[in-house]
Amino acid sequence: MTKSKRARPRRRAQPAGGSTQERILAAALEVFAEQGFDGAKTRDIAERAGANLGLINYYFATKEKLWQAAVASAFAELQRELGEPAEPSSAEGDERARLERLLRRFVHFVARRPAFMRLMNDEGKRDGPRMRWLADHHVRPLSDGLRRLVEGAQARGALPPLPAVSVHYIALGAAGLLFSQAPECAYLNGVDPTAEGFAAAHADALVRLLLGPG
């Protein structure tokens with residue numbers, strides 16, 4: 001396949017609809033993911049959101065607070081997508097079914113919001129106040145719940161006895177890396193991760209890889 005015929009990821013639509021604050025938060029997540037916190041400019045966020053620059057100061061006061069609000073909004077959407085807390089269950093086989101649902105829902109979320117994975121990868125690679133804020137306010141509660149669910153599944157033999165931390169990061173990388181690096185995937189493989197139906201097929205592969213046949 002020649003380069004000119006390789007699949008290219010579709011450009012994400014600019015934030016549209018919703019309230020002005022919602023558009024700003026959606027645009028902020030994308031710009032922070034693309035440029036990093038230090039490189040992101042509020043005027044670029046305002047332009048992408050189709051909003052007046054003064055509204056960012058009015059609603060959020062500082063770039064730091066805007067970043068926190070954008071991250072909190074993304075995690076709130078993720079929590080709605082996952083739907084249920086990852087708490088242990090007494091029903092045999094239930095942990096595996098719930099892990100499968102969580103994996104599938106997470107894949108569909110990061111397929112729609114690749115900026116989320118890019119931002120998390122960028123902030124997670126360095127020790128600093130933003131990484132610690134992310135971990136304490138948003139990542140730790142989900143991580144703790146996932147660990148309990150994984151350990152419950154392992155106790156019933158539904159998962160191999162791997163360290164829960166390994167399962168956590170294996171799942172994160174396997175679920176989201178190819179969406180956050182969609183341009184590379186499209187260039188190398190001629191496969192567009194943003195194509196309709198791809199997320200469902202990727203979720204199927206991830207479930208088989210991590211959980212085996214049901």
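## A chat about a helical model

Trainee: How many helices and strands are there in the protein chain?
Mentor: The protein chain has 10 helices and 0 strands, and please keep in mind throughout our chat that this is a predicted model. If you read along the sequence, the pattern is α-α-α-α-α-α-α-α-α-α.

Trainee: And how much of the chain counts as buried?
Mentor: Of the 214 residues in the protein chain, 38% count as buried. The accessible surface comes to about 11900 Å², and 53% of that surface belongs to carbon and sulfur atoms.

Trainee: What about contacts, what share comes from residues 24 or more positions apart?
Mentor: If you take the contacts in the protein chain with a separation of 6 or more, residues 24 or more positions apart account for 69% of them.

Trainee: Switching topic, what volume does the largest pocket have?
Mentor: Its volume is about 1100 Å³, and 46 residues line this largest pocket, with V139, S143, L146, H168 and L172 lying nearest its centre.

Trainee: Which elements give two or more residues to that lining?
Mentor: They are α4 (63-82), α5 (94-112), α6 (114-124), α7 (129-155), α8 (164-180) and α10 (198-211). The largest share of the lining comes from α7, which gives 13 residues.

Trainee: How does the lining divide into nonpolar, polar and charged?
Mentor: The lining of the largest pocket has 31 nonpolar residues, alongside 8 polar and 7 charged ones.

Trainee: Can we look at α3 now, and what caps its N-terminal end?
Mentor: Helix α3 covers residues 53-60, and N52 caps its N-terminal end, with a side-chain oxygen of N52 lying 2.7 Å from the backbone nitrogen of G54. After α3 comes A61, whose phi is positive, near 70°.

Trainee: Where is R43 placed, and is R43 buried or exposed?
Mentor: You will find R43 in helix α2, which covers residues 42-49. R43 counts as exposed because its relative accessible area is 53%, and exposed means over 50%. Although R43 and L53 are 10 residues apart along the chain, their C-alpha atoms are separated by 5.9 Å.

Trainee: Why does T194 count as buried?
Mentor: T194 counts as buried because its relative accessibility is 13%, and the cut-off for buried is under 20%.

Note on methods:
Residues are numbered from 1 along each chain as its sequence is written. This is a predicted model: local features need pLDDT of at least 70, side-chain atom pairs count only at pLDDT 80 or more; totals for chains, interfaces and linings use all residues. Side-chain values use heavy atoms; hydrogens and water are left out. A polar contact is a pair of N or O atoms within 3.5 Å; within protein, one must be able to donate a hydrogen and the other to accept it, and residues adjacent in sequence count only if both atoms are side-chain atoms. Helices (H or I, at least four residues) and strands (E, at least two) are DSSP runs, numbered from the N terminus. Buried means under 20% relative accessible area, exposed over 50%, partly exposed in between (1.4 Å probe, protein chains only). Contact means heavy atoms within 4.5 Å. Accessible areas come from the Shrake-Rupley method with a 1.4 Å probe; for residues, only the protein chains shown count as cover. On a 1 Å grid over the protein atoms alone, a cavity is a set of points where a 1.4 Å probe fits but cannot get out, and a pocket is an open set with protein on both sides within 12 Å along at least five of seven lines; lining residues have an atom within 4 Å of a point. Grid points are joined across faces, edges and corners, and a volume is the space filled by probe spheres set on the points. Ala, Val, Leu, Ile, Met, Phe, Trp, Tyr, Cys and Pro count as nonpolar, Asp, Glu, Lys and Arg as charged, and the others, Gly among them, as polar.
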